[in-house]
Amino acid sequence: MQTFGYVKPTGVDKAIGQSAGNFIAGGTTLVDLMKLSVEQPKTLVDINLLPLDKIEKLPNGGLRIGALVRNSDLAWNADVKKDYAVLSEALLSGASPQLRNMATTGGNLMQRTRCMYFREPSAGMPGGYACNKRTPGSGCAAMDGFNRIHAVLGTSEHCIATHPSDMCVAMAVLEATIHVQGPNGKRTIAFEDFHKLPGDTPNIENALEPGELITFVDLPKPVAGAKSTYLKLRDRASYEFALSSAAIVLRVEGGHIRYVRVALGGVATKPWRSHEAEKALLGKRADLETFRKAAEAAMAEAKPRKDNAFKVELAKRCITHALTLATA
Ligand SMILES: Cc1cc2nc3c(=O)[nH]c(=O)nc-3n(C[C@H](O)[C@H](O)[C@H](O)COP(=O)(O)OP(=O)(O)OC[C@H]3O[C@@H](n4cnc5c(N)ncnc54)[C@H](O)[C@@H]3O)c2cc1C
Ligand code: SF4
């Protein structure tokens, strides 16, 4: 690890004034990446003293989550458990209790891929791998390498890395709004616009401008009468990233689906809202046949590679089972 500077501002304005620095919150992603020399910040801007650690009800019936709210506090919050159960379930399926006690909402939104080539020495270094995300233009070692954990949706010829977050999959179906503040003031970003597809610039992962800080995430008022679930399939039952996951929010009336949101994790390059699945479900009977058709629609555009073709079938079963659970 290289030497670096360290500052710990007490106000948001002071934090975003540190333009040369990287923000550090829980440190559970960033410190690993610094040890691996994937990230080499000159200065760490520790944001843990900023007043962004509250969960508050909004006048419009929604919920405001500070960027520094720990994953554990969010998962066990009474309002989240009651009104946004899918978010609580997704958070509790991630990492370990110790990590969740440190990990923050902002850090989770910004966590980076677990692609093993990204986390190894880069091309040009001894034993280094080509990685367009880490060293733009160097190539992609995963494309013809071992790509069992990689994405089948939203990929490009330059990167097939999976987005690893569980929390983000739940936030996609909840249609969260992300508040940011930077050198040019405050703005909001719709959740679906926050994470970027790799395209030909896999190094650009999100919509943040240089120096912008995530301050809050707002959840809209809960959907009346809706049920939700988060189902995560992985190689072992805990402390493991998703091979495939599905977040569902839906309302059924008279046996028919009147409201539905579907998002997928573990199979795509960003938290994957499946509008195709939603279209196949809305207005239809809430039965197994409908669920299977929705799963087919969700994965119709999947582009598997040598080692991850199993994810296409796994994701279909994950979606079908999650819909069955949500309507049970
Ligand atoms: C062993 C292990 C297992 C894990 N398993 C899972 C899992 O199963 N599911 C899952 O979803 N996650 C998992 N994670 C990832 C974990 O959820 C993230 O590491 C965590 O959420 C990151 O939050 P943090 O506060 O520690 O971020 P940090 O490490 O502090 O920061 C991460 C990045 O976010 C940026 N950042 C932080 N806060 C802000 C902000 N407010 N505004 C702008 N940028 C900001 C930092 O600059 C940095 O680039 C795992 C992690 C580990 C180490
Ligand atoms: S999949 Fe993306 S992150 Fe992984 S090696 Fe290829 S370019 Fe790098």
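This is a predicted model: local features need pLDDT of at least 70, side-chain atom pairs count only at pLDDT 80 or more; totals for chains, interfaces and linings use all residues.
Started with ligand 1: 30 residues sit around it, and Gly26, Gly94, Gly106, Gly107 and Met110 come nearest. I then checked which elements give two or more residues to this shell, and got strand 2 (21-24), helix 2 (30-35), helix 6 (97-102), helix 7 (105-110) and strand 8 (213-219). Helix 7 has the largest share, with 4 residues. I sorted the shell by class as well and found 16 nonpolar, 12 polar and 2 charged residues.

Ligand 2 next. I find 15 residues surrounding it, the closest being Cys115, Tyr117, Cys131, Cys140 and Cys159. The classes here come out as 11 nonpolar, 2 polar and 2 charged.

Then I picked out Asn71, which is in helix 3 (residues 71-76). Is Asn71 buried or exposed? The cut-off for buried is 20 or more C-beta atoms within 10 Å, and Asn71 has 26 such neighbours, so I put it down as buried. Skipping residues up to four places away in sequence, I see Asn71 touching Leu91, Gly94, Arg100, Ala103, Asn108 and Met167. Gly94 is also one of the residues that come nearest to ligand 1.

On to the packing. The largest nonpolar core has 91 residues, and Ala170, Ala247 and Ile319 have the most contacts inside it. Helix 8 (residues 167-174) is the top contributor, giving 8 residues. Domain 1 (5-46) and domain 2 (227-327) each supply at least three residues to this core. I looked up how far apart these domains are: their C-alpha centres lie 36 Å from each other.

Leaving out its neighbours within four places in sequence, its contacts are Ala246, Val262, Ala277, Ala294, Ala295 and Ala298.

That took me to helix 11 (residues 288-299), where Ala294, Ala295 and Ala298 are among the buried residues, along with Phe291, Ala297 and Met299. What covers them? Strand 11 (256-265), helix 10 (275-281) and helix 12 (310-327) are included in the cover. In soluble globular proteins, nonpolar side chains tend to be buried together.

Key:
Residues are numbered from 1 along each chain as its sequence is written. Chains are lettered from A and ligands numbered from 1 in the order in which they are written. A residue is near a molecule or strand if its C-beta atom, placed from the backbone, lies within 6 Å of it. Ala, Val, Leu, Ile, Met, Phe, Trp, Tyr, Cys and Pro count as nonpolar, Asp, Glu, Lys and Arg as charged, and the others, Gly among them, as polar. A nonpolar core is a set of buried Ala, Val, Leu, Ile, Met, Phe, Trp, Tyr and Cys residues joined through C-beta atoms within 7 Å. A residue is buried if 20 or more other C-beta atoms lie within 10 Å of its own, exposed if 12 or fewer, and partly exposed in between; C-beta atoms are placed from the backbone. Domain bounds come from an automatic or database domain assignment. Two residues are in contact if their C-beta atoms, placed from the backbone, lie within 7 Å.
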